[in-house]
Amino acid sequence: MFKRLVPVALAVVLWCGLCAPALSAAAGAAHRAGTPARQSTGKASYYSDKLHNKKTANGERYDKTALTAAHKTLPMGTVVRVTNLHNGRQALFRINDRGPVKKSRIIDVSREGAARLDMLRRGVANVRLEVLSDRRGRCRPEHAFYVSVPAGASRSAGAKRFVLRKAGGAASRFAGFGPFSSYREAERIWDRVSRPAGARAESRRGPRNGAAILCLPRAQVRGASRSQPS
């Protein structure tokens, strides 16, 4: 009986070894073709303030006022959307570090991100993580990144008006900049319009202001063409 099972077992091992690269390539091609974002759920935590300005795994300095995060396996530069399942708050993050150290957690976010997710007090939150881009920070062709700014700051920032059409015919409006295919481009604009003039990163606590980076379906957004802050 054992002798008859050995050839079968070897065949299964060989098949898995040959197919694994093909399956991996197929998954990457499907993501580039615009299939739904990969998702996972688990616990998120956030960086200690003691790590501010320390080097991250990709060589950048950790900035507690930026929207960056640490993940165990996602390529550096990948953009993810994190949703706090306790309150529905969301934020986008660029992966630039490795972690968390604790096996029970799937992502470490910056202090700024933790404030936006409203998890500073709890320290740990149950979240849903969605992968939105490739390692270069480019989203799927049918989506784009936008930077939204608070209504009070939109005029001084030179922002344009956009209308977001939602399912069922509902619509909402926001002021901001976009569309951007590259997250890094949107991130640079966000950094400029969200930080008060003359503010020092070391002195900032909590959200800079209400400016946010969004990832939206292009077909559902109507408004001005891409613009830059004045």
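Predicted model: local features only at pLDDT ≥ 70, side-chain atom pairs only at ≥ 80, totals over all residues.
Figure 1. A residue is called buried when its relative accessible area is under 20%. Thr78 has a relative accessible area of 2% and is therefore buried. This residue belongs to the loop that runs between strand S2 (68–70) and S3. A polar atom of the Thr78 side chain lies 2.7 Å from the backbone oxygen of Pro75. Leaving aside residues up to four places away in sequence, Thr78 touches Phe93, Arg94, Ile95, Val131, Ser133, Asp134 and Arg135.

**Figure 2. The largest nonpolar core and a second, separate core.** The largest nonpolar core comprises 38 residues. Val80, Leu92, Phe93, Ile107, Phe145, Val147 and Phe177 have the most contacts inside it. At least two residues of this core come from each of several elements, including strand S3 (79–84), strand S4 (90–97), strand S5 (105–109) and strand S9 (171–180). Helix H4 (183–194) is also among these elements, and H4 gives the most to the core, with 5 residues. A second, separate core contains 7 residues, among them Ala144, Tyr146, Phe174 and Leu216.

**Figure 3. Helix H4 and the cap at its N-terminal end.** H4 is made up of 12 residues and reaches 16 Å from its first C-alpha to its last, close to the 16 Å expected at 1.5 Å a residue. Ser182 caps the N-terminal end of the helix, with a side-chain oxygen placed 3.3 Å from the backbone nitrogen of Arg184. The buried residues of H4 are Tyr183, Glu185, Ala186, Glu187, Ile189, Trp190, Val193 and Ser194.

**Figure 4. The aromatic cluster of Tyr146, Phe162 and Phe174.** The count of aromatic pairs in the model comes to 5. Phe162 and Phe174 form a stacked pair, at 5.2 Å centre to centre and with 20 degrees between the planes. Here the link runs from strand S8 to Phe174 in strand S9, 12 residues apart. Tyr146 and Phe162 are buried, and Phe174 is buried as well.

**Figure 5. A salt bridge between Asp49 and Arg111.** The whole structure holds 9 salt bridges. In the one between Asp49 and Arg111, the closest N and O atoms are 3.6 Å apart. Asp49 lies in the loop between strand S1 (39–46) and S2, and Arg111 lies in helix H2 (residues 111–116), so the pair ties together parts that are 62 residues apart in sequence. Asp49 counts as partly exposed, at 27% relative accessibility, whereas Arg111 is buried, with a relative accessible area of 17%.

Figure 6. An α-helix has 3.6 residues a turn, so residues three or four places apart point the same way. Arg116 and Glu112 are both buried.

**Figure 7. A network of salt bridges that includes Glu187 and Arg94.** Glu187 and Arg94 form a salt bridge in which the closest N and O atoms are 3.1 Å apart. The pair links distant parts of the chain, with Glu187 in helix H4 and Arg94 in strand S4, 93 residues apart. Both residues, Glu187 and Arg94, are buried. Together with Glu60 and Arg184, Glu187 and Arg94 are linked in a network of salt bridges.

Note on methods:
Residues numbered from 1 in each chain as written. Heavy atoms only, no water. Core = buried A, V, L, I, M, F, W, Y, C linked by side-chain atoms within 4.5 Å. Buried < 20%, exposed > 50% of the residue type's maximum accessible area, 1.4 Å probe, protein only. Helix = DSSP H or I, 4+ residues; strand = E, 2+ residues; numbered from the N terminus. Expected span 1.5 Å × (residues − 1). Polar contact = N/O pair within 3.5 Å; in protein donor to acceptor, adjacent residues only side chain to side chain. Phe/Tyr/Trp six-rings, centres within 6.5 Å; stacked < 30°, edge-to-face > 60°. Contact = heavy atoms within 4.5 Å. Salt bridge = Lys/Arg side-chain N within 4 Å of Asp/Glu carboxyl O.
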